[in-house]
Amino acid sequence: MGIYPGATLIRPRPGRRLSGKAPIPLRGNTGDDGHVQQDPGQPAWPPFRSDRSDRSDWPDRHGRGSRHDRHDRHAHGDWHGPPVWVSWAERWLNRGDGKPLRRDPEDRIAGGIAAGIAAWRGFSPTTVRIVFVVVALFTRGWAVPFYFAAWLLIPARGAEASIGTRARHDSRGIALAVGLASLLSVVLLLAGVLNNGLIDTYGWPQVVSVACLALIWRNAPEGEQAAMRRLVEPLESLGTGGGRMRHGTAIRLTVAVALLASGLGWLLSTHENLALLSPLGGVLLVAAGLVVLLGPWWLRIARDLVLERQARARAEERADMATRVHDSVLQTLALIQRRADDPQQVVQLARAQERELRSWLFEGRAPGEADAASFAAGVRQIQRDVEARHGVPVEVVTVGDCPLDDDIGALLAAAREATVNAAKWSGASVISLYAEAGPDAVEVAVRDRGKGFDPDAVPGDRKGLAESIHGRMARHGGSVTVNSAPGEGTKVTLTMPRSATAAAQTGAGHR
Amino acid sequence: MSGTGRPRVVLVDDHGLFRSGVRAELGGQVDVVGEAEDVAPAIELIERLVPDVVLLDVHLPGGGGQAVIAAVKNEHPEVRFLALSASDAPEDVIAVIRSGARGYVTKTISTADLADAIMRVADGDAVFSHRLAGFVLDAFAAAPSPADVKPSFDPELDQLTSREREVLRLIAQGYTYKEIARELYISVKTVETHVSSVLRKLQLSTRHQLTRWAAERRLD
């Protein structure tokens, strides 16, 4: 224990060990203060707790509680000697995790800035968030654009570059950002004339926010997109009013027009003097000028975005269609050629293919996709179909089960293709299909003891393995391992990680 | 085992055709010393002959395969049972294993594999078909929750080790013991040890799922 009573308090200690002992308070003010110490069950001690008697005492305030939060991994020695304020200052400098400031993608509401700062300086994230909201209110919203700028400029933990570094090369994104910012400016200009209140005060900083957001939106890595989506949608409709609505349904449009019209009518009717109309007219002229000047540019940006998205969608659709045609029509044609000497079989195959093709083209049900209720049922359907079509017995073992979603559907389609491949090419007398739905991943192993092949020597135009299996799995975040050698049989292992929500859903359903 | 080194086998199955088929196919590799088609005659026959291995159909009129095992195992623990079934219903298989069978194979098994399985069981090893391996993985899949497990003296019995899991997964994929040994860089003997250990857990674990299956067959 140090010479200074405070030294024991400010010495970093793991919070969990505190439970039994009453701590020695800093300034001799015992009493209820002793119980302020961290309850081991609480994640962090918020500084604004009301049971504090000495709130003005800042070093003490910061000295406690936050020491015990889980971001604090520093182990200091027991201090002796220096005056109390020196150790306060030193502690202030040394607090936090000692690493450079990084956004925390794990613990975030928007960009993970608050959690990052909390970890960096050793506060509780909740504290930082509360402080941020208060600061944002007092600075008339100017803290918000700073937040987004920080999001843009501070790299996420584990990432080497910030979003901003990538955004620098995204000229279209910069154009979009400037376009959006100028659009919002015009809207705010109009709004400011009509109503000199809140919108004017809190709206202008958001011009910067919108520009930053646009850049983040276009350049954020996949994982951050979800958080963005959550954040941008309300802001989009709130910040820009009726000016720019991406999800403009008829209802929202009607409501917005009605609101604008009634607001305008109300303004005119209450003031009833034409003095109001003269600045309004001026602003309208400025706005019209801006629209004439910048309108085509905004339109072009919007059109580019739409075109880009359409092109991407078209390319994906084409790849998907090629895969499906390959899985159904081309497979059947190959089968028909092989069974040309058996007219009955050929008729049967052709009829089945026709049915499948019709249901795809006219009913929208994809061929090769399991119309089963669950993963295990889908696997058994593969077994039935392959046995019926190719006459090769398929031994199925399923472990666990889970409901179908897009990813599992893709896994099943790839598994079907792998099984069909084995039935067609391996020459094996039996194919083993092993399907396991685990808590973290769903796996299918297709194995045969047939002739095998050299995976490196497969020509690129052989679509089965490359597109139907590898491509399909990759598009849904899965992975494929192919073990094969001539004469040794083949084993194709398909693994699809389970999304957190899907796993949680079936956690209970796992028998 | 008999002096010839070939295991003495009794066939218990209610389908005469199946019995004669198996007898004809296995004739070269094992001594089929008797056949029975019902529970009571089977018990009597086994107690009289004391064979090395009883090839036992899970579905028998008059109580099922496990009734035979239950009647014989106390008197003659040296008689080993290999369950044989056309059905894949896990509760049947688990029930017969828990009553004491050393292994389970499906009736679609090839003659060579069946002979191999009989040899293995005669040697005291466990034989899992790929389906049984799947069932066991399924039954032991989730970590046991307190509610799932009845109070047990040995909590180890309620979980598979990761190695056992690996071995079972490969069995479920149709690997032979030799292939598993090569795949996992272990000896065939070690594979057998793992499978025997799984069998022991299967028979002794108090996991709710296993006991429920067994209870449904009025066995526990």
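This is a predicted model: local features need pLDDT of at least 70, side-chain atom pairs count only at pLDDT 80 or more; totals for chains, interfaces and linings use all residues.

Modeller: Residues are numbered from 1 along each chain as its sequence is written, and chains are lettered from A and ligands numbered from 1 in the order in which they are written.

Colleague: What makes strand 3 and strand 4 of chain B a pair?

Modeller: Two strands (DSSP runs of E, at least two residues, numbered from the N terminus) pair if DSSP finds at least two bridges between them. Strand 3 (residues 53-57) and strand 4 (residues 80-85) of chain B are joined by 5 bridges and run parallel, so they meet that criterion. B:Asp57, for instance, has B:Leu84 as its bridge partner.

Colleague: Why are strand 2 and strand 6 of chain B called edge strands?

Modeller: The open sheet of chain B has 6 strands in the order 2-1-3-4-5-6, with parallel pairing. Strand 2 (31-36) and strand 6 (127-128) each pair on one side only.

Colleague: How do you know that B:Leu82 is in contact with B:Val127?

Modeller: Contact requires C-beta atoms, placed from the backbone, within 7 Å. Leaving aside neighbours within four places in sequence, the contacts of B:Leu82 include B:Val127, B:Val53 and B:Ala117.

Colleague: Which residues of chain B touch chain A in the largest share?

Modeller: Chain B and chain A give 11 residues each to the contact. Helix 6 (residues 130-139) of chain B supplies 6 residues, the largest share of its side; a helix is a DSSP run of H or I, at least four residues.

Notes: Two residues are in contact if their C-beta atoms, placed from the backbone, lie within 7 Å.
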